[in-house]
Amino acid sequence: MITGMDQPAEIIVADDPPALAEAAARAIVELAREAVAARGRFTVALAGGGTPRATYERLAQAPLRDRMPWDRTWVFFGDERGVGPEHPDSNYRMANQALLTKVPIPSAQIARIRGEAEDPESAAVEYARRVAEVFACKRGELPRFDLILLGMGVDGHVASLFPGSPVLKEVFRPVAAVHAAAAALPQRFTFTFPLINAAARVTFLVAGPEKAKMVKAVLGEPGGGLPASMVRPTDGRLTWRLDRPAAALLKVARSR
Ligand code: 6PG
């Protein structure tokens with residue numbers, strides 16, 4: 001099993017994508033309730049891509065919808081594509097359609113990345129500032145998200161941190177504008193590893209047989225240079241939620 005700096009990652013395998021979504025959505029509600037009970041609010045960064053959509057849809061439906069403390073929930077995005085909020089490829093649009101427009105969360109508690117910005121660098125700085133404001137961070141201090149959700153690409157990318165990108169080595173900026181040549185939409189915005197690894201909990205949502213090889217590479221070879229292997233919360237917990245096809249090449253995995 002891969003280890004985070006302190007604790008081993010938890011690997012949870014669901015039978016299929018709907019079961020993965022159901023279990024993930026339930027776990028998010030539990031975390032949210034715990035966070036609100038302990039600290040008065042829940043801060044989450046959503047993942048883009050296709051896999052999380054079903055989880056977001058579950059969260060938007062009863063009974064989970066009614067168990068979520070929406071008025072105490074703050075929503076951010078771990079990455080965004082370089083498009084506006086109405087664009088079919090916008091991560092914000094996906095989350096908005098699947099979840100955010102369907103639940104009673106105050107709009108002031110949703111922070112989207114301005115993917116359409118003409119000056120991507122300023123948009124990244126602006127987003128980092130927004131995050132820092134909500135968390136009331138002192139200069140140089142990193143926010144500790146209650147939960148950062150991530151997907152993983154077949155190449156091992158997470159958020160918009162692609163293999164070989166110089167931004168993998170970022171130590172200072174919590175949010176960066178990046179050019180990901182391998183991506184269909186190369187202009188991207190992304191949380192960097194210092195911010196991801198400062199979270200209290202990071203949860204991967206990964207489904208499909210096409211991910212199996214990379215899941216094996218990442219979970220079998222900790223410390224490799226793949227972006228997904230670099231997700232190692234310093235003082236937090238790491239959970240991988242997989243469906244059975246994505247977990248097919250792993251030897252040891254717990255079913256749930
Ligand atoms: C994005 C992402 C990205 C995504 C993976 C997995 O904006 O594209 O946030 O990191 O999570 O590419 O995507 P799927 O879930 O669609 O396979």
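Let's start with Ala 136, which is exposed, with a relative accessible area of 59%. Exposed here means over 50% relative accessible area, buried means under 20%, and partly exposed is in between, using a 1.4 Å probe and protein chains only. Ala 136 lies in the loop between α5 (120–134) and β5 (147–150). Its phi is near 50°, a positive value in a residue other than glycine.

Before we go on, a word on what you are looking at. This is a predicted model, so local features need pLDDT of at least 70 and side-chain atom pairs count only at pLDDT 80 or more, while totals for chains, interfaces and linings use all residues. Residues are numbered from 1 along each chain as its sequence is written, and side-chain values use heavy atoms, with hydrogens and water left out. As for the element names, helices (H or I, at least four residues) and strands (E, at least two) are DSSP runs, numbered from the N terminus.

Stay with that loop for a moment. Pro 143 is also found between α5 and β5, but Pro 143 is buried, at a relative accessible area of 5%. What lies 6.9 Å from Pro 143, C-alpha to C-alpha? The answer is Leu 195, 52 residues apart from Pro 143 in sequence.

Now please find Thr 192, in the loop between β7 (187–191) and α6 (193–196). Thr 192 is buried, and its relative accessible area is 0%.

Next comes Ala 159, in the loop between β5 and β6 (175–179). Is Ala 159 buried or exposed? It is buried, with a relative accessible area of 12%. Here too phi is positive in a residue other than glycine, near 45° this time.

Ala 159 brings us to the ligand. There are 15 residues around the ligand, and Gly 50, Thr 51, Asp 79, Ala 159 and Lys 211 come nearest; a residue counts as near if one of its heavy atoms lies within 4 Å of the molecule. A backbone N or O atom of Ala 159 is 2.6 Å from an oxygen atom of the ligand. Side chains take part as well: an N or O atom of the Asn 91 side chain is 2.8 Å from a ligand oxygen, and for the side chain of Arg 188 the distance is 3.3 Å. On its own the ligand has 410 Å² of accessible area, and the protein covers 86% of that. Those areas come from the Shrake-Rupley method with a 1.4 Å probe.

Let's move to helix α1, residues 17–39. Why should its 23 residues span 33 Å? The expected span is 1.5 Å times one less than the number of residues, and the end C-alpha atoms are 32 Å apart, which agrees. At the start of α1, a side-chain oxygen of Asp 16 reaches to within 3.0 Å of the backbone nitrogen of Ala 19. Among the buried residues of α1 are Leu 20, Ile 28, Val 29 and Leu 31. After the helix comes Gly 40, with a positive phi near 90°.

One last stop is Pro 63, in the loop between α2 (53–59) and α3 (64–67). The peptide bond leading from Ala 62 to Pro 63 is cis, with omega near 5°.

Conventions
Polar contact = N/O pair within 3.5 Å; in protein donor to acceptor, adjacent residues only side chain to side chain.
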